[in-house]
Amino acid sequence: MAAPASPSGQARAERERARREGFMRIAARVFRAQGLSGATMEDVAAAAGVTKVVLYRRFASKDLLIRAIFEEAVGRLAAANADPWHGYGAGARMSLEAARGFEDGYLLLMRDGRQQAAYRGYYDAVRARTARRLLRLLWFPGRQAPRPVSQQLLDLSLEPMVSFCNDALAHWVEHGDPAQDDRYIRWCGVMIRAWRAEAAGLLGLEPLAQDWPFESENDGPLT
């Protein structure tokens, strides 16, 4: 059994994690500005104010640096959505907070990662996560599909909403006014509730005896 790390060793490890994250944030900003193909490790090192050697000690290649950025972005979204979902709009709030916490990395993934085959798997992982969340909403908490449904119809109902959720979030992170976040979240909740009702009808599901509330019962209609 390995001995526990000493306090000084833990502090060094934490500093190194923070350094790596700092480099990833700078790199994501550079890659967003110059493109994944256009930016070089030299550009990232210059923006970080370090030599290439310092950068290469943490990331042995540009490819590994890009993958580290995308893994961080996907991991933050997954961690945020691990929390219980409390109502329409709650999932949108969790995702928004996670995306804003690593904004350049998230937008790089959603705008550039989806376009390159080498990194498409990270973007697809975000879509798959969104699809799982929506399915749980469709069946209501903790339930599976009440009966077999057509996979073709399920895909027809699910895939456009997956695209809506991800594209709306990316657009708001990039262009939205943070002071209007509550309005955006409420709007997402309204859209998802409408989708849920229509998807249940398309799939021939029984009317739901119970429905999710909005995350705040005091939220009125959008005006």
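1. Arginine 76 and glutamate 21 form a salt bridge, with their closest N and O atoms 3.3 Å apart (a side-chain nitrogen of Lys or Arg within 4 Å of a carboxyl oxygen of Asp or Glu). The pair links distant parts of the chain, 55 residues apart: arginine 76 sits in helix 4 (residues 62–80) and glutamate 21 in helix 1 (residues 7–34). Helices here are DSSP runs (H or I, at least four residues), numbered from the N terminus.

2. A word on the basis: this is a predicted model, where local features need pLDDT of at least 70 and side-chain atom pairs count only at pLDDT 80 or more, while totals for chains, interfaces and linings use all residues. Residues are numbered from 1 along each chain as its sequence is written, and side-chain values use heavy atoms, leaving out hydrogens and water.

3. Arginine 76 also meets glutamate 72 in a salt bridge (2.8 Å, N to O). Both lie in helix 4, four residues apart, about one turn of the helix.

4. Do look at helix 5 (residues 90–100) against helix 9 (residues 181–202): their axes, lines fitted to C-alpha atoms over the stretch in contact, come within 9 Å and cross at roughly 130°. The contact has five nonpolar, no polar and four charged residues.

5. Arginine 93 forms a salt bridge with aspartate 182, the closest N and O atoms being 2.9 Å apart. Arginine 93 lies in helix 5 and aspartate 182 in helix 9, so this pair ties together parts 89 residues apart in sequence.

Notes. Helices (H or I, at least four residues) and strands (E, at least two) are DSSP runs, numbered from the N terminus. Axes are lines fitted to C-alpha atoms, for helices over the stretch in contact, and angles run from 0 to 180 degrees between N-to-C directions. Ala, Val, Leu, Ile, Met, Phe, Trp, Tyr, Cys and Pro count as nonpolar, Asp, Glu, Lys and Arg as charged, and the others, Gly among them, as polar.
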